[in-house]
Amino acid sequence: MGKISGKTLRGLKSDNSSIFNASFQCVYSEYLTLIVYTSFCIVRNIEDARDIAQNVFLKLLDERKNIEPKKSLKAYLTITAKNMSINFKKKMERQVDIDFEPESEPETHYKDDFVNLLDAYKNYLDEEEITLVTERLLYGYKFEEISKELNRSVDSITSKYNRAIKKLQKHKDERGMYL
């Protein structure tokens, strides 16, 4: 995941529609996967996570004039995704469906969604690469923390992580989207 340039951030504030659209598309394609996974970790349903991700980007559209270029857009988007996901989960917990009869345990739905995501990753990454990408992108671990956990050098972790990201980017380029 590359860093969004200051020019792109300024483009989000632009009144010129072509500049704005190009900047927004860049931000959207760069952070969509991270936002979906951030939400998925909380709501445990991939479809709900995708809906929340769309709402995060809608909020970005509404708040684009207030974005500070010196602040982290990634942090803004992930915090917004976490907050929206928590609110969504609380709302869902408050709703009572009188005619609801579970077809299976709720845990099963989560496991099925999670297994599907991991299976998609397994087509492109090995187990260690999945672990690295997940810990780095979803949980925000630093390379030093991951290297201690896996008992490997920081350089080898960084190198393997960068190769994994390149594999995912290649997949993105082939299909126009991440998994």
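This is a predicted model: local features need pLDDT of at least 70, side-chain atom pairs count only at pLDDT 80 or more; totals for chains, interfaces and linings use all residues.
# Helix packing and a buried threonine

Just after helix 7, Asn151 takes a positive phi of about 55 degrees. Two packed helices are described by the angle between their axes and the distance between the axes, and both values are given for each pair below.

**Helix 7**

- Helix 7 covers residues 143–150, and its buried residues are Phe143, Ile146 and Ser147.
- When helix 7 is viewed down its axis, these buried residues fall within an arc of 100 degrees, so they line one face of the helix.

**Helix 2 against helix 3**

- Helix 2 (residues 17–43) and helix 3 (residues 46–63) have axes that come within 8 Å and cross at roughly 140 degrees.
- Because angles over 145 degrees count as roughly antiparallel and 65 to 115 as roughly perpendicular, the crossing at roughly 140 degrees makes helix 2 oblique to helix 3.
- The crossing in which helix 2 passes helix 3 is right-handed.
- On the side of helix 2 the contact includes Phe20, Phe24, Tyr28, Tyr31, Ile35 and Phe40, while on the side of helix 3 the residues taking part include Ile46, Asp48, Arg50, Gln54, Phe57 and Leu61.
- Sorted by class, the contact of helix 2 with helix 3 has 18 nonpolar residues, together with two polar and two charged ones.

**Helix 3 against helix 4**

- The axes of helix 3 and helix 4 come within 9 Å and cross at roughly 125 degrees, and these two helices are therefore oblique to each other.
- Helix 3 passes helix 4 in a crossing that is right-handed.
- Helix 3 contributes residues including Asp48, Ile52, Val56, Lys59 and Glu63 to this contact, and helix 4 contributes residues including Leu73, Tyr76, Thr80, Met84 and Phe88.
- The class make-up of the contact between helix 3 and helix 4 is 10 nonpolar, three polar and three charged residues.

**Thr80**

- Thr80 lies in helix 4, which spans residues 73–94.
- With a relative accessibility of 7%, Thr80 counts as buried, since buried means under 20% relative accessible area.
- Once its neighbours within four places in sequence are left aside, Thr80 is in contact with Val56 and Lys59, and both of these belong to the helix 3 side of the contact with helix 4.

Methods
Residues are numbered from 1 along each chain as its sequence is written. Side-chain values use heavy atoms; hydrogens and water are left out. Axes are lines fitted to C-alpha atoms, for helices over the stretch in contact, and angles run from 0 to 180 degrees between N-to-C directions. Helices (H or I, at least four residues) and strands (E, at least two) are DSSP runs, numbered from the N terminus. Angles under 35 degrees count as roughly parallel, over 145 as roughly antiparallel, 65 to 115 as roughly perpendicular and the rest as oblique. A crossing is left-handed if the near helix is turned anticlockwise from the far one by less than a right angle, and right-handed if clockwise. Contact means heavy atoms within 4.5 Å. Ala, Val, Leu, Ile, Met, Phe, Trp, Tyr, Cys and Pro count as nonpolar, Asp, Glu, Lys and Arg as charged, and the others, Gly among them, as polar. Buried means under 20% relative accessible area, exposed over 50%, partly exposed in between (1.4 Å probe, protein chains only). The arc is that of the directions from the helix axis to the C-beta atoms.
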